[in-house]
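Subject: The structure for you to look through

Dear colleague,

Please find the structure below, and keep it open beside this message while you read. My notes on what was found in it follow directly after.

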Amino acid sequence: MDVLSVLEGRLEVVDDSVSSRELINRLVALGPREEPLHLVELDAVVKRHYDWVRHMPRVRPFYAIKSNDEPAIVETAALLGCGFDCASIAEVRRVLGFGVNRERIIFGQPMKTIEALQFAKEKKVRTVFDSDTELRKIHQYYPEAEVLIRFRFVPNNADANYNVKFGCNPATEARQLLDLAKELGITVIGWCFNVGAACSDPEILYRAIEAGRKITDYATDLGFSFRLIDLGGGFSGRKGIDVGIYATHINRALQEFFPEDEKWSVIAEPGRYYSAAAHTSVIPVHGKKVFRNEQNPAQIERVFYYFNDGIYGTFYSAKYRKMPVKPVIWKKREECGPERRSFLYGPSCDGIDCFAEDILLPELDISDFIIFEDQGAYSRVHSCRFNGFCVPKPVIFIRKSVWELLEQVASATQPERLVLDSKYLQLNYKLEAVVFE
């Protein structure tokens, strides 16, 4: 598949001087529509990738496709030489369809179906386990597999904690599982963990890698030869977040606990880090309900606003992942009404379809637009057509100099090296937040 040609058909190339604000204005100018719109700026994906390899040259990113499977983003990640963290047969098959080598894939679901294991065996992809039952299942259906042991390391503050559902205790269960793997003759080649979504305690990564060292030492004593380290996800993708806050702790830990660069292959599974800032939701007010004080009808107590997008579309994470939205009113402040207690509702007939409650907003009118930045992670993938409403439609742009870089990458034998090209250092595009006028 010619990935670049397919990608080109999905987007519009614009001049480097075109700002995010100008692109938003283009979508707003279309007026209120039945379908919600997502402004997708692929420059954000490329810039995130560049920042990653600049700060952590030892850690190869395996894009977590589950965070956003928008074809343009997946194709861009493939062009840049990313590996891929996949959780299902469909995701693995899709990535292989881009011509991605199996060495650039990790089948990271610790509890796979028998059919998934048989598929992994057919494609010879590496996979993960965190329990004795999964080990025995691997032994039965994919005995020649190269596998990683997943351990849990609980952070104090992450937007979502994945360590309840997956991962073994690194101090006790990990040793028992390695003993069993040795007994069964399973080839364990390394370890992995996941500290949770958008972890705000990056120092936890240092301590998790330290725990991985202890697991490695025990495995070595058993006769295993570990060579792969997977640092999982948990990297915030919000605008204004610098990956350097994670790199400081990761690089220090790798240097201290795994200093032999050539022996160890180190990967991580950034998802929202790549995708979050790439999407901006652009939605109009379609309905409005004003609630007045019964004793004093001139006093407005609260306002309900209704949109063509809600928790069954972009805002699942606002409801269920404790990620509050930050609305940007696309209207001059002096043209708005006074601030009101506001509630933001989606279009469905489900009463829980509310993605922001009791927030202060200047009073708006029908057909006014609100902008929500950083909506690229776990929005499109959670969208469905509940009640028959439209899922968000992506409108995709890329700046000219970034497109030219991708053209170079597509023709290069080592695309990851081209990302460090000095030309990219001069790129004007920045991930700056849009401000209220």
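Buried, in these notes, means a relative accessible area under 20%, exposed means over 50%, and partly exposed is in between, with a 1.4 Å probe and protein chains only. This is a predicted model, in which local features need pLDDT of at least 70 and side-chain atom pairs count only at pLDDT 80 or more, while totals for chains, interfaces and linings use all residues. Residues are numbered from 1 along each chain as its sequence is written, and side-chain values use heavy atoms, with hydrogens and water left out. Helices (H or I, at least four residues) and strands (E, at least two) are DSSP runs, numbered from the N terminus.

Helix α8 is made of the 12 residues 173–184 and reaches 16 Å from its first C-alpha to its last, which is close to the 16 Å expected at 1.5 Å a residue; the expected span is 1.5 Å times one less than the number of residues. Which residues of α8 are buried? They are A174, L177, L178, L180, A181 and L184. These residues cover an arc of only 160 degrees around the axis, so they are on the same side of α8, where the arc is that of the directions from the helix axis to the C-beta atoms. On the other side of α8, Q176 and E183 are exposed. The buried residues pack against β6 (126–129), α7 (132–141), β7 (146–150), β8 (187–192) and α9 (203–222), and contact here means heavy atoms within 4.5 Å. After α8 comes G185, which has a positive phi, near 80 degrees.

**The nonpolar cores**

A nonpolar core is a set of buried Ala, Val, Leu, Ile, Met, Phe, Trp, Tyr and Cys residues joined through side-chain atoms within 4.5 Å. In the largest one, which has 95 residues, L42, W52, I149, V188, W191, L231 and I250 touch the most other members. The largest share of this core, nine residues, comes from α9. A second, separate core has 19 residues, including I283, V303, F315 and C336. In soluble globular proteins, nonpolar side chains tend to be buried together.

L42 touches L7, L11, A72, I73, T76, I396, F397 and I398, if residues up to four places away in sequence are not counted. L39 has its place in strand β2 (residues 37–41) and is buried, with a relative accessible area of 0%. Among the residues that L39 touches, again not counting those up to four places away in sequence, are L23, A278, H279 and V395. L39 and A278 are 239 residues apart in sequence, but 7.9 Å apart in space, C-alpha to C-alpha.

**Aromatic pairs**

Rings of Phe, Tyr and Trp (its six-membered ring) pair if their centres lie within 6.5 Å, and planes under 30 degrees apart count as stacked, over 60 as edge-to-face and the rest as tilted. A search of the whole structure finds 23 aromatic pairs. The rings of W52 and Y273 have their centres 5.5 Å apart and their planes at 55 degrees, so this pair is tilted. Because W52 lies in helix α3 (residues 42–55) and Y273 in helix α11 (residues 272–275), the pair ties together parts that are 221 residues apart in sequence. W52 counts as buried at 0% relative accessibility, and Y273 counts as buried at 1%. F355 and F372 form an edge-to-face pair, at 5.9 Å centre to centre and 75 degrees between the planes, and both F355 and F372 are buried. Ring pairs also link W52, Y63, F84, F235, Y246, Y273 and Y274 into a cluster.

**Cysteines**

How many disulfides are there? The count comes to zero, where a disulfide is a pair of cysteine sulfur atoms within 2.5 Å. The sulfur of C86 is 12 Å from the closest cysteine sulfur, in C82, which is too far for a bond, and C86 is buried, with a relative accessible area of 1%. The sulfur of C349 is 13 Å from the closest cysteine sulfur, in C384, also too far for a bond, whereas C349 is exposed, with a relative accessible area of 73%.

**Positive phi values**

Most residues other than glycine have a negative phi. K124, in the loop between α6 (114–123) and β6, is not a glycine and has a positive phi near 60 degrees. N387, in the loop between β16 and β17 (393–399), is not a glycine and has a positive phi of about 65 degrees; N387 is partly exposed, with a relative accessible area of 41%.

With best wishes
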